[in-house]
Amino acid sequence: MIPGILFKPFSYMYQFYTMKLKYLLRPKNSPKIHEQKVKKLQKQILEWNRNGRKNKLCTAKSLGFTIRSLNKKSYTQINVNELDDIIEIDTTKKVLKVEPGLCMGTLTWKLLKDGWTIPMIPEFEVLTIGGLVAGTGIESTSHKYGLFYDICLEYEVVTPDGSVVTCSKDQNPDLFYAIPWSHGTLGFLTSVTIPIQRFKKFVKVDYFPTTSIEDASVLLKASNKNIDFIEGLAFGKNKFVVMHGYFEDNPGEGKVHSLDPWYERCWDKHVEFHCFESSSGKPNSQVMSEYIPVRQYYHRHTKGYFWALDHLLGNKVLNTLWFRYLFGWILPFNFALTKALMPASLGSTIFKLHILQDYMIPMDNLKDLVELSHDLLDIYPLWLCPVKFFNKPGMTHSNSKIKADFELFIDVGIYGTTRKAINEVKALKMLEKFALENKGIQFLYGDVYLTRDEFSKMFDMSLYNKVREKLGCTDAFPEIFEKVSRYNRDF
Ligand SMILES: Cc1cc2nc3c(=O)[nH]c(=O)nc-3n(C[C@H](O)[C@H](O)[C@H](O)COP(=O)(O)OP(=O)(O)OC[C@H]3O[C@@H](n4cnc5c(N)ncnc54)[C@H](O)[C@@H]3O)c2cc1C
């Protein structure tokens with residue numbers, strides 16, 4: 001607690017500076033300034049080429065969310081940190097051009113005040129556009145829009161020979177479809193074009209608690225096309241809440257709930273408290289609704305980093321009345337900064353104790369995966385997020401996995417500390433096996449124990465390999481498997 005109290009002002013100032021102040025202090029970004037920044041990046045790559053491509057390239061970004069970062073010492077680090085702003089907003093064409101280092105917190109701060117948003121805002125304020133495109137991004141609008149890259153219209157990429165290439169579904173489509181999931185192993189993203197849309201000031205959230213996974217599955221399937229947000233939380237094997245959210249201008253007579261006060265519970269605890277009787281644990285019988293201001297809704301999981309922080313503190317501290325009122329103000333910490341400042345040994349101990357995994361599987365396999373996760377790990381809550389899985393070229397194999405234009409999949413997020421006396425690696429391997437056998441995919445930011453053979457069964461490497469070859473990436477970037485897999489390695 002004491003380190004937390006001391007760290008908070010530092011984390012707050014850092015966050016305030018990186019997400020807001022620095023943008024106020026410098027000239028407004030523009031296509032021209034962006035071009036100059038890209039030229040600087042190109043210069044670094046051309047220099048590396050001139051020096052004979054002695055080692056591989058990586059970004060000099062050190063504050064990402066991805067848990068197992070590369071040991072960057074043996075790489076030539078390319079400074080991409082300046083590329084972190086909105087380039088232009090075209091309200092006539094309804095598109096936004098942004099740089100990859102722009103984080104969600106700054107994006108919502110800058111966009112919402114002019115009445116615009118993008119179709120998907122992954123929850124944590126520190127997640128960046130580049131990480132969400134080249135890694136993975138998902139949110140409670142994914143049942144409509146798919147994964148983060150599915151909303152993107154165009155990428156600008158600097159390739160290993162220093163060229164700037166623009167790609168979209170019609171222009172250089174191979175590169176466009178190969179970038180998602182490639183984790184920075186094809187080139188450096190320098191801009192991303194995304195559609196914008198008008199939003200309303202509130203999200204009306206209808207809560208549906210249930211003890212039946214069958215009922216939860218029906219609610220998650222989103223048969224009503226007007227639902228803007230769908231999210232589920234499993235608090236136990238037989239304890240679920242599915243939430244349907246709708247953009248609304250005005251709460252009318254409805255109850256407005258603010259998530260901002262420092263003493264507020266973390267979102268998962270708020271939902272559980274709201275939906276189940278505290279004495280019997282039974283679901284409250286009526287459908288309940290409340291209105292949440294839109295920016296607070298977007299970033300609702302930031303305070304407790306889902307429930308990761310609660311689990312780290314043994315589920316006994318974070319949401320207690322005394323902690324919330326006395327110390328609630330110390331949250332949230334800037335996750336990326338905390339990770340960067342933590343001694344490596346402490347970081348690896350925490351990540352060893354703590355599981356952070358996402359498995360995206362066909363909707364019909366939800367029950368089996370929840371049961372398997374229960375038997376192996378017994379970690380709750382689980383995050384349940386329906387995703388439109390589009391039939392597209394690229395690493396996800398979707399065009400061999402699904403026949404129609406899209407299919408509804410569900411992402412099951414397992415975040416926390418297990419109470420089971422089980423070898424975690426063994427448990428994660430069993431979950432990977434389940435995903436593999438059921439057309440599933442695991443997100444690559446977490447722990448990946450797949451063998452190379454299993455990896456290429458889960459991910460279709462053909463387009464990726466073709467693009468790598470064509471762009472001369474082989475001696476420029478590690479292969480994706482090499483970058484993310486922990487198979488036979490410890491890092
Ligand atoms: C605790 C936790 C909670 C999470 N919760 C969510 C969530 O709610 N929603 C969600 O969508 N995801 C979530 N994630 C996953 C997260 O979105 C991914 O890990 C994402 O890739 C991280 O983004 P980042 O901005 O931190 O990127 P980084 O970790 O910095 O980068 C991710 C990958 O993208 C590559 N990359 C970054 N910038 C560039 C660039 N300019 N050019 C080329 N490659 C680049 C990097 O090399 C890296 O391989 C969570 C992860 C953790 C650890």
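User: Is Trp181 buried or exposed, and how many C-beta neighbours inside 10 Å does Trp181 have?

Analyst: A residue is buried if 20 or more other C-beta atoms lie within 10 Å of its own, exposed if 12 or fewer, and partly exposed in between, with C-beta atoms placed from the backbone. Trp181 has 22 C-beta neighbours inside 10 Å, so Trp181 counts as buried. This is a predicted model: local features need pLDDT of at least 70, side-chain atom pairs count only at pLDDT 80 or more, and totals for chains, interfaces and linings use all residues. Residues are numbered from 1 along each chain as its sequence is written.

User: Where does Trp181 lie?

Analyst: Helices (H or I, at least four residues) and strands (E, at least two) are DSSP runs, numbered from the N terminus. Trp181 lies in the loop between α6 (173-178) and β8 (188-195).

User: Which backbone angles or peptide bonds deserve a check?

Analyst: Most residues other than glycine have a negative phi, and most peptide bonds are trans. Trp181, not a glycine, has a positive phi of about 75°. Tyr305 also has a positive phi, near 45°. Tyr305 sits in the loop between α9 (294-298) and α10 (308-312), and counts as buried because 22 other C-beta atoms lie within 10 Å. A cis peptide bond joins Tyr380 and Pro381, with omega about -5°; Pro381 is in the loop between α14 and β15.

User: How does the radius of gyration of the protein relate to that of a compact globule?

Analyst: The radius of gyration is taken over C-alpha atoms, and the globule rule is 2.2 Å times the number of residues to the power 0.38. For 491 residues a compact globule would have a value near 23 Å, and the protein has 22 Å, which agrees. The C-alpha atoms fill a box of roughly 70 × 50 × 50 Å along the principal axes. The secondary structure comes to 19 helices and 17 strands, and 43% of the 491 residues are buried.

User: Which residues touch the most other members of the largest nonpolar core?

Analyst: A nonpolar core is a set of buried Ala, Val, Leu, Ile, Met, Phe, Trp, Tyr and Cys residues joined through C-beta atoms within 7 Å. The largest one has 117 residues, and Val133, Ile179, Leu384 and Ile410 touch the most other members. Strand β15 (residues 382-390) supplies the largest share of this core, six residues.

User: What is Val133 in contact with, beyond its neighbours within four places in sequence?

Analyst: Two residues are in contact if their C-beta atoms, placed from the backbone, lie within 7 Å. On that basis Val133 is in contact with Phe148, Tyr149, Cys152, Ile179, Pro180, Leu189 and Val192. Across the protein, residues 24 or more positions apart account for 74% of the contacts with a separation of 6 or more.

User: At what angle do the axes of α14 and α16 cross?

Analyst: Axes are lines fitted to C-alpha atoms, for helices over the stretch in contact, and angles run from 0 to 180 degrees between N-to-C directions. Helix α14 (residues 366-376) and helix α16 (residues 424-437) have axes that come within 10 Å and cross at roughly 170°. That makes α14 roughly antiparallel to α16 (angles under 35 degrees count as roughly parallel, over 145 as roughly antiparallel, 65 to 115 as roughly perpendicular and the rest as oblique). Leu369, Leu372, Ser373 and Leu376 of α14 meet Ala427, Met430, Leu431 and Phe434 of α16.
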